[in-house]
Amino acid sequence: MTGAGAPIVTGSFPRSFLIPGTDTSLRIGGYANGRFVYYIKGAAVGGQLNSQGGNPNQTYDDGPGGTGNLAGIPLNNSIAHARSSAFDISGRESRLLFDARTPTAWGEAKAYIELDFSFNNTNVVYSNNEASTNSALARLRKAYATLGGLEAGQDTGIMRDPDADPELVDFGGLATEAGRSRVALVQYTHGGPYNIVFNAGIESPVPATTLTPSSNACLGSNAFFSPLKQGWPEAIVTARTNQPWGHLQVGGVLRTDQLNDGQYLDRTYVGYGGAISGDAHPFSGNPGPLGKDDLGFGVCAGVEVANQCVNGVGVVTNFGASLNVPGFGLVNPLTNAQWNTTNSATRKAYDAAVSATSPTSYGGWIWYQHWWTESLRSTVAVSGIWNAMNTTILPQNTTNNKLLSLTHANLFWSPLAFIDFGGEYAWGHRVTVANFKGDSYTIEGLMRVRF
């Protein structure tokens with residue numbers, strides 16, 4: 001029987017159905033999610049009081065984590081430090097996905113699209129945005145195609161290891177992790193001997209730099225001076241083994257940052273790094289909830305590794321700063337009329353005086369999840385990253401972070417398999433290259449229903 005009233009046929013993978021008249025199995029899924037975050041202390045600044053306000057803004061992901069509030073914690077020398085408590089309720093993390101799979105002679109073909117509503121609106125203050133209504137903007141999370149072992153599109157970064165991530169209420173995640181959460185890529189997956197799976201591919205180049213701050217009343221962004229140029233894609237390989245006790249993954253990345261201002265500056269700097277991550281079930285095989293306990297861990301390190309170690313840094317340069325240029329004295333690009341002149345002798349001498357170095361980054365994380373009952377579990381997680389930057393080139397400032405650390409402790413309850421309630425406490429710590437510090441203390445909760 002086909003057409004209207006035809007029975008729904010189960011698809012080829014869990015929670016999917018067969019599209020009538022085709023060999024394609026489709027799953028439509030996602031979840032609705034509501035969360036609150038109370039920043040007892042340490043909410044990143046909003047736009048009020050000349051950017052010294054303490055109301056949450058949409059610059060960051062919801063939560064105190066590494067892609068959330070952590071890198072913007074108010075420092076102990078700032079006005080914002082004194083008014084950094086804030087409360088926020090949000091549903092913009094809610095997610096929708098479409099997963100279609102079709103068998104072919106070349107292997108399974110798959111089309112996957114995933115959306116949420118966490119588009120970042122820089123410096124848009126929540127209280128202004130929600131005065132009468134809140135229209136969160138949709139955001140593309142993932143969109144990729146696969147054929148056999150070949151994949152192209154936007155997906156979880158190749159060096160990322162989601163199975164080594166803890167279960168957190170915090171949507172911002174750990175202080176650091178290996179690989180990018182999502183990125184445009186091309187990769188190939190191959191099953192090797194001894195139950196080892198190899199991944200190799202390239203990711204869209206994301207130039208990363210740390211600039212000496214340069215600003216005036218009209219130009220307050222380092223981006224105005226950024227000479228970074230997208231060059232070669234970032235090349236990554238990983239190897240993973242899955243075992244009854246858990247898994248282990250290793251990976252490496254090779255990347256470049258190119259400084260090119262279109263005149264006399266054209267230099268390429270090579271970055272590289274690696275990561276080891278995994279998880280282990282210490283009581284695997286034990287009956288009851290104890291057998292589900294899990295220990296996760298990971299380390300990442302590299303030179304000019306940028307966000308392949310989350311919250312890492314790229315090349316450090318003083319391009320854009322006022323420099324003492326031989327034969328011309330102190331040259332400030334913002335005020336020197338000759339600096340922007342084509343074939344300028346001032347610009348040629350300035351570019352020759354530019355310095356840059358490749359910094360090192362070291363990050364790690366460890367967590368443990370204990371199952372109290374079949375529906376009640378807790379996770380404790382500790383994570384951090386250290387960035388060693390040359391402060392001769394990059395004078396001590398309150399913008400660039402040399403240390404970020406984060407501790408989470410939570411409790412989850414799932415009264416039904418598709419419903420989660422969670423509560424979590426987090427402590428974040430930030431130290432800049434000038435040794436100014438900031439701390440955040442947060443309480444967070446969520447309710448999630450998956451479909």
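**Buried charged residues and their contacts**

At 5% relative accessibility, Arg347 counts as buried. In this predicted model, Arg347 forms a salt bridge with Asp351, and the closest N and O atoms of the pair are 3.6 Å apart. Asp351, at 1% relative accessibility, is likewise counted as buried.

At the start of H3, the backbone nitrogen of Thr346 has a side-chain oxygen of Ser344 within 3.1 Å.

A second salt bridge joins the side chains of Asp420 and Arg377, with an N to O distance of 3.5 Å. This pair links distant parts of the chain: Asp420 is in strand S25 (residues 419–432) and Arg377 is in strand S23 (residues 376–388), 43 residues apart. Asp420 counts as buried because its relative accessibility is 3%, under the 20% limit. Arg377, at 6% relative accessibility, also counts as buried. Both residues belong to a network of salt bridges that links Arg35, Glu93, Glu167, Arg377, Asp420, Glu444, Arg448 and Arg450.

A salt bridge is also formed between Arg95 and Glu114, where the closest N and O atoms are 3.7 Å apart. Arg95 lies in strand S5 (residues 95–102) and Glu114 in strand S6 (residues 109–116), so that the pair, 19 residues apart, links distant parts of the chain. Arg95 and Glu114 are both buried. Side chains of opposite charge can pair when their charged atoms come close. The count of salt bridges comes to 25.

The side chain of Asp439 makes a polar contact with the side chain of His429 at 2.8 Å, and another with the side chain of Trp427 at 3.0 Å. When neighbours within four places in sequence are left aside, the residues in contact with Asp439 are Lys41, Gly42, Ile73, Pro74, Trp427, Gly428 and His429.

For the protein chain as a whole, three helices and 26 strands are assigned. Of its 451 residues, 46% are buried. Among contacts between residues at least 6 apart in sequence, 67% join residues at least 24 apart. The chain exposes about 20,700 Å², and carbon and sulfur atoms supply 61% of this area.

Note on methods. Residues numbered from 1 in each chain as written. Predicted model: local features only at pLDDT ≥ 70, side-chain atom pairs only at ≥ 80, totals over all residues. Heavy atoms only, no water. Contact = heavy atoms within 4.5 Å. Polar contact = N/O pair within 3.5 Å; in protein donor to acceptor, adjacent residues only side chain to side chain. Salt bridge = Lys/Arg side-chain N within 4 Å of Asp/Glu carboxyl O. Helix = DSSP H or I, 4+ residues; strand = E, 2+ residues; numbered from the N terminus. Buried < 20%, exposed > 50% of the residue type's maximum accessible area, 1.4 Å probe, protein only. Areas by Shrake-Rupley, 256 points an atom, 1.4 Å probe, with all protein chains shown as cover.
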